[in-house]
Amino acid sequence: MPEPAITLHTPLTKFRGVGPTRAAALAKLGLHTTADLLAYFPRDYEDRTLRESIAVLPPDAPAAVSALIAEPLRTSYLRPGMDVTKGRAVDHTGQLELTFFNQSYVRRDLHPGQAYVFYGQVTVHGTRRQMTNPLFEPEGKWVQIGGIVPVYPLTAGLSQNFLRTLLRTALPACLSQIEDPLPPALRAEHQLVGAQEAYRAIHCPPTWQDLQAARRRLMFEELFCLNLGLTYLRTRRECESALPFPNQDLSALTGSLPFQLTQAQRRAIDEAAADLRKPTPMSRLLQGDVGSGKTVVAAACALFAYQNGCQAAFMAPTELLAHQHQATLETLLRQAGLRIALLIGSMTPAQKRQATAALAAGEIDLVVGTHALLSEGVQFARLGLVITDEQHRFGVGQRAALAAKSGGTLHPHVLVMSATPIPRTLALMLYGDLDLSLLNELPPGRTPVETYLIHENKRPRLYNFVRKQVALGRQVYIVCPAVSQEDPDGLKAAEQYGHTLQTEVFPDLRVGIVHGKQRSKEKQAVMAAFAAGDLDVLVSTTVIEVGVDVPNASLMVIENADRFGLSQLHQLRGRVGRGTHQSYCVLLSDNENPQTRQRLKTLAATTDGFALAEADLKQRGPGDFFGTRQTGLPQLRLATLEGDLTLLQEAQTAARQTIQADTTLTHPDHQALRRRISALFQEKGEIFN
């Protein structure tokens, strides 16, 4: 009985050699079907194209050559557990000495008089050329050698050779099934190869030129489809209806402030106010550095909602932050008369019933909560504004679920806030369906945090400095990259290191430990104790990156600082410097890599989060940027925004032109494109409804 034909939907478990163990390893990489496999692009390539002869092999460089085995290989035993197998390969220009350590089996695989291709590092001694432990295969069997060879990201249990073999089975079988979402006219205008040609060349490039053309085509497709979906979402939003907020009096808010608004805050409030006056829903990202005063802008928007007879909902990622925001907003809006309530998971059933009943009856003007706001029983009398803090913690679907609670046909206005500085080019990609407001200056009175980079040998002095800060009545954060068990690289683990500090280093101080593997209540209790001043030192993982406001904390110590991205380090540094006293951030790292040292010195030299974000983008590329990619948006597989800005602009222009010409992609040439966009944005629901 013939084997069933391979399709794009064929599970990888149907392929030869894919048992349960390999299937689990493939799944770890997100590879389940043939389509997943074909869209799994190489991270690099090795030039294994054959050189003309042994005589032209370059010294001290990897190269590939075809040659004949001249004689049987011989194995010598150097000592127990160590053997060496040697032989000679020849061609018309000379000979190549082959050396294999602990690979005596090659004697069975390399037969005198037969031709093989060899790939390895070439060393030259006089006129002699040598390869040690080269890869080899019979001439004509092209799997590992003989061309431009792809190198894929791997995980435990998978090898390059296995993935290449899998792809060389799948690619010929399914290439004709790959649908090209880009219309012929668009491909011609931007000089792009077809999809099938691109997929063939990205995995099996005949030449470097073919590979370059394939990469350009696939990167353009990624950027174009992402921008097309975002442009359509923006266009669709502009057709939705919302209740306009014409009544906008800031005096009740500004009168309660002990300080003047910064120019950046005034600009952001003006931008939001202009949106809120329109009969279409605001959808704005408020992006501000740590401590830039985003909550005041959110309070202004909530005040405008109240002045126009609407309720507002403020969703925070943790219960502690929800408590903190509630207290801050009550202080800011007390004079305005807003009725503010809290709705979080840890409240008693009776408290929740009371809050939800008051919400439904319109007796609450502003509710602050966590994911509990998304609960089925939560309804609003007249929800007009949704605010989410640290947007990346929620995702597009959750934001939409809260917005849907407005009831009726009118959509609420939406303000999303992020304390992660993101370069504008990247923000336009991550949040392309939102308008952007930037808070790029700190309120007056904030003292910049002094940052120092030190080696491990300065640790005793650091411990003395910790004691000095505590003696002054201050508190200290110590952040570790690992949760528990010292790993092979010697990374500090919060659990073990915290106990060491507690029992051996600071037995007379109050030391708390918090990390992501603790139960939520335990974690919240430790952080609440630190916020209340009941702990002197808090040892934690990055769970405190977006944490409570502790103005009394004056020192942030970051262990193995080289393991964190620049912007994550900046976020952690933002946990201190929130009070009136001078604060410090100490980066501990013995990593001597010049690029790593420069990255950490960049952090020590500036407190400008946006400048750091640009530096991080240049050094690390966007990837899953700072670990904060907006949930619900497609992830880029090939394109990098820093290196492909010209292509990005080209794709954005093409996307706008396409939507202007055919808003819902109903033209026959756009059917494949419409299917691609629907699949990419599936977390947003049926995008073309």
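Is Ala213 buried, partly exposed or exposed? Hold that thought, everyone, and I'll come back to it after some background.

What you see is a predicted model, where local features need pLDDT of at least 70, side-chain atom pairs count only at pLDDT 80 or more, and totals for chains, interfaces and linings use all residues. Residues are numbered from 1 along each chain as its sequence is written, and side-chain values use heavy atoms, with hydrogens and water left out.

Let's begin with confidence. pLDDT is the predictor's confidence in each residue, from 0 to 100. The chain averages 85, and 88% of the residues score at least 70. Over residues 621-632, though, pLDDT stays under 50. The model has 36 contacts for that stretch beyond four places in sequence, where contact means heavy atoms within 4.5 Å. Where pLDDT is low, the predicted coordinates should not be read in detail.

Now the overall picture. The chain has 22 helices and 22 strands; these are DSSP runs, with helices being H or I of at least four residues and strands being E of at least two, numbered from the N terminus. Of the 689 residues, 52% are buried. Buried means under 20% relative accessible area, exposed means over 50%, and partly exposed is in between, using a 1.4 Å probe and protein chains only. Among contacts with a separation of 6 or more, 73% join residues 24 or more positions apart.

So, back to my opening question. Ala213 has 31% relative accessibility, so Ala213 counts as partly exposed. You'll find Ala213 in helix 7.

Take Leu673: along the chain, Leu228 and Leu673 are 445 residues apart, while their C-alpha atoms are separated by 9.6 Å.

Next, the aromatic rings. A pair of aromatic rings is described by the distance of the centres and the angle of the planes. Here, rings of Phe, Tyr and Trp (its six-membered ring) pair if their centres lie within 6.5 Å; planes under 30 degrees apart count as stacked, over 60 as edge-to-face and the rest as tilted. The whole structure holds 10 aromatic pairs. In one of them, Phe118 and Phe136 have ring centres 6.3 Å apart and planes at 40°, so this pair is tilted. Because Phe118 lies in strand 6 (residues 115-125) and Phe136 in strand 8 (residues 135-138), the pair ties together parts that are 18 residues apart in sequence. Phe118 is buried, with 0% relative accessibility, and Phe136 is buried too, at 19%.

Another pair takes us back to helix 7. Phe220 and Phe224 are stacked, with 5.8 Å centre to centre and 10° between the planes. Both lie in helix 7 (residues 208-237), four residues apart, which is about one turn of the helix. Phe220 is buried at 0% relative accessible area, and Phe224 is buried with 0% relative accessibility. There is also an aromatic cluster, formed by Phe100, Tyr116, Phe118 and Phe136.

On to helix packing. Two packed helices are described by the angle between their axes and the distance between the axes. The axes are lines fitted to C-alpha atoms, for helices over the stretch in contact, and angles run from 0 to 180 degrees between N-to-C directions. Helix 15 (residues 459-471) and helix 16 (residues 494-505) have axes that come within 14 Å and cross at roughly 75°. That makes helix 15 roughly perpendicular to helix 16; angles under 35 degrees count as roughly parallel, over 145 as roughly antiparallel, 65 to 115 as roughly perpendicular and the rest as oblique. On the helix 15 side, Arg459, Tyr463 and Arg467 meet Tyr497, Leu501 and Val505 of helix 16.

Finally, some backbone angles. Most residues other than glycine have a negative phi, and most peptide bonds are trans. Asp60, however, has a positive phi near 55°. Asp60 sits in the loop between strand 1 (44-47) and strand 2 (61-69), and it is exposed, at 58% relative accessibility. Asn560 has a positive phi too, of about 45°. Asn560 is in the loop between strand 21 (553-558) and helix 18 (566-573), and Asn560 is buried, with a relative accessible area of 18%.
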